[in-house]
Amino acid sequence: MHIKAIIIDDEPLAIEVIESFIDEFKNIEIVGAYRTPLEALSIIEEGKVDVIFLDINMPRMNGLEFLKCIPKYPQIIITTAYKEYAIESYELEVLDYLVKPFPFSRFLKAINKLTNRLIIENKLHTALDFEQSPHIFLKVDKKLVKIFLHDILYIESLKDYIRVSTTEGTYVSHKSLSSISDELPDENFIRVHKSYAIAIDKVKSIEGNLIEIGTKRIPLGRNYVMHAKQRIIKNKGNLLNE
């Protein structure tokens, strides 16, 4: 995991200490060091920072006042010479509170806490993105099964049924190929035969009038061949092997 960090501290020596500690971690990049919170405001608002090492007692505006003034901020690790702000800091949901001068072992503990927090957040975001990905529900064996569009390889007509082949498995449903084709976005799926519709981005190759998707070779129907090849080649680049 690559972590982007900034340091906000009005003491050059304190910045140097944190920088020297961070140098021990290959996955942490210091993208900025600032003497006042206001100097760091723009990079924080861009959302390109994972953690701020933040001093409290600084001219014009202290670190905690700064946090109260901005609507959203990344993980915060306080680095201060003052113990008395700890309770107020945790009320602002800071990740950790380091009292200067802190040893590397204490800094390492904070980094481990940071890494674990970011891993959890990334998993939550990934799960949320996954749940919100475009999908359809297909009735399979009397139950509705959620099928994500990005998993679909191809769909085959079986008279009154269809077989949907995906990266996760195969599903048979009492449905027509035409009806499910109407539910799928035209920019991602195309009919290539009276019995087949395919996901354009899953095509591995075209040889003559056969399309390769996974281990399946799917025929191109006479009435579909011209349009299908144009769409696939435009989407995939130089796949045509004739």
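Two strands count as paired if DSSP finds at least two bridges between them. The hairpin of strands E6 and E7 in this predicted model has two residues between its strands. Within that hairpin, Asp-141 takes a positive phi near 50 degrees. Asp-141 is not a glycine. Its place is the loop between E6 and E7. With a relative accessibility of 71%, Asp-141 counts as exposed.

Across the pair, Ile-136 faces Ile-147 of E7.

Five strands form an open sheet, in the order E10-E9-E8-E12-E11, with antiparallel pairing. Strands E10 (170-173) and E11 (189-193) stand at the edges. Each has a single partner strand, so one side of each lacks a neighbour in the sheet. On average, neighbouring strands of this sheet are turned by 20 degrees against each other, direction ignored. Strands of a sheet pair through backbone hydrogen bonds, in either the parallel or the antiparallel sense. Within the sheet, E8 (residues 152-158) runs antiparallel to E9 (residues 161-166), and six bridges join them. Glu-156 stands opposite Arg-163 in E9.

The largest nonpolar core has 21 residues. Those with the most contacts inside this core are Ile-6, Ile-8, Ile-44, Ile-52, Leu-54, Leu-67 and Ile-78. H3 gives the most, with three residues. Beyond its neighbours within four places in sequence, Leu-67 is in contact with Leu-54, Tyr-73, Ile-76, Leu-92 and Val-94. Another core, of 20 residues, lies apart from the largest one. Its members include Ala-5, Ile-18, Val-51 and Ile-77.

Two further backbone features lie in loops. The peptide bond from Lys-100 to Pro-101 is cis, with omega near -10 degrees. Pro-101 is in the loop between strand E5 (96-99) and helix H5 (104-131). Arg-60 is not a glycine, yet it has a positive phi of about 70 degrees. The loop between E3 and H3 holds Arg-60. Arg-60 is exposed, with a relative accessible area of 87%.

Values for the whole chain complete the description. The secondary structure comprises seven helices and 15 strands. The radius of gyration of the protein chain is 28 Å, whereas a compact globule of 242 residues would have one near 18 Å. Along the principal axes, the C-alpha atoms fill a box of roughly 75 × 45 × 30 Å. Of the 242 residues, 41% count as buried. The chain exposes about 14200 Å², and carbon and sulfur atoms supply 51% of that area. Among contacts between residues at least 6 apart in sequence, 49% join residues at least 24 apart.

Conventions
Residues numbered from 1 in each chain as written. Predicted model: local features only at pLDDT ≥ 70, side-chain atom pairs only at ≥ 80, totals over all residues. Heavy atoms only, no water. Helix = DSSP H or I, 4+ residues; strand = E, 2+ residues; numbered from the N terminus. Axes fitted to C-alpha atoms, helices over the stretch in contact; angles between N-to-C directions. Rg over C-alpha atoms; globule rule 2.2 N^0.38 Å. Buried < 20%, exposed > 50% of the residue type's maximum accessible area, 1.4 Å probe, protein only. Contact = heavy atoms within 4.5 Å. Areas by Shrake-Rupley, 256 points an atom, 1.4 Å probe, with all protein chains shown as cover. Core = buried A, V, L, I, M, F, W, Y, C linked by side-chain atoms within 4.5 Å.
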